[in-house]
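Here are my notes for you to read alongside the model. Keep the viewer open and look up each residue as you go.

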Amino acid sequence: MIAAARTLGVVTAMFMLAAGGSAQAQSAAVQAAMAAGQIGERIDGYLGVRGAVSDQVRAELEQINIKRRALYTQRAQQRGVSVEAVAAATACQAIQRLKAGETYYAGGSWAVRGTEVEPKPGNCP
């Protein structure tokens, strides 16, 4: 419980770096793929591919995820928690901040933010 609280305490700053900050650096192709629902946030804190994407988008997604992993690792070491806990906490915040129509992986299936029945990932409060 304490570790989870410490993890959640760093999530806002991490989210800005891992999700928001990288959104500004993303190419138009990645932004278009997100808007089209071809890629989206996963419950493990990384971006995932939902549909067909170009090799360019796939490569950029891999680079974003590598940067996220490095940030999660750094924060986990600083806070004495697991990388997975930091990543999952960040994912919950990222999913909560999605705009209507954006896609996320809810654990078992992809969902679209703003739909009538919206599954909530089991690891999110």
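**Notes on the cavity, the cores and the charged pairs**

1. Let's start inside. Met34, Ile39, Gly40, Glu41, Leu98, Glu102 and Thr103 line the largest cavity. Keep in mind that this is a predicted model. Sorted by type, the lining has 3 nonpolar, 2 polar and 2 charged residues. Strand β1 gives the largest share, with 3 residues.

2. How many cavities of 30 Å³ or more does a search of the whole structure find? The search turns up 1. The volume of the largest cavity is about 40 Å³. If you wonder how such a space gets found, rolling a probe the size of a water molecule over the atoms shows where empty space is left.

3. Now zoom out for the overall layout. The protein chain has 4 helices and 4 strands, and from the N terminus the order of elements is α-α-β-β-α-α-β-β. Of its 125 residues, 41% are buried. If you take the contacts with a separation of 6 or more, 54% of them are between residues 24 or more positions apart.

4. Next, the greasy part. Which residues make up the largest nonpolar core? There are 9 of them: Val30, Ala33, Met34, Ile39, Leu47, Val53, Val57, Leu61 and Ile64. Helices α2 (28–35) and α3 (55–79) each supply at least two residues of this core. There is also a second, separate core of 7 residues, with Tyr46, Ala76, Val83 and Val86 among them.

5. Ile39 deserves a click of its own. It belongs to the largest nonpolar core and also lines the largest cavity. Setting aside neighbours within four places in sequence, Ile39 is in contact with Val30, Ala33, Met34, Gly48, Val49, Arg50, Val53, Val57, Leu61 and Thr103. Met34 and Thr103, two of these contacts, are cavity-lining residues too.

6. On to the charged residues. Side chains of opposite charge can pair when their charged atoms come close. The count here is 2 salt bridges. One joins Arg68 to Glu41, with the closest N and O atoms 2.9 Å apart. This pair links distant parts of the chain: Arg68 is in helix α3 and Glu41 in strand β1 (residues 39–42), 27 residues apart. Are Arg68 and Glu41 buried or exposed? Both are buried. You have met Glu41 already, in the lining of the largest cavity.

7. The other bridge to look up is between Asp44 and Arg42, where the closest N and O atoms are 2.8 Å apart. Asp44 counts as partly exposed because its relative accessibility is 33%. Arg42 is also classed as partly exposed, because its value is 26%.

8. Ser54 sits in the loop between β2 (47–49) and α3. With a relative accessible area of 35%, Ser54 is partly exposed. Its C-alpha atom is separated by 9.5 Å from that of Val30, 24 residues away along the chain.

9. Last one: where is Gly122 found? Look in the segment after β4 (110–112). Gly122 has 79% relative accessibility, so this glycine counts as exposed. From Gly122 to Ile43 the C-alpha distance is 8.8 Å, although the two are 79 residues apart in sequence.

Methods
Residues numbered from 1 in each chain as written. Predicted model: local features only at pLDDT ≥ 70, side-chain atom pairs only at ≥ 80, totals over all residues. Heavy atoms only, no water. Core = buried A, V, L, I, M, F, W, Y, C linked by side-chain atoms within 4.5 Å. Buried < 20%, exposed > 50% of the residue type's maximum accessible area, 1.4 Å probe, protein only. Contact = heavy atoms within 4.5 Å. Salt bridge = Lys/Arg side-chain N within 4 Å of Asp/Glu carboxyl O. 1 Å grid on protein atoms, 1.4 Å probe; cavity = no way out; pocket = protein on both sides within 12 Å on 5 of 7 lines; lining within 4 Å. Points joined across faces, edges and corners; volume = space filled by probe spheres on them. Nonpolar A, V, L, I, M, F, W, Y, C, P; charged D, E, K, R; others polar.
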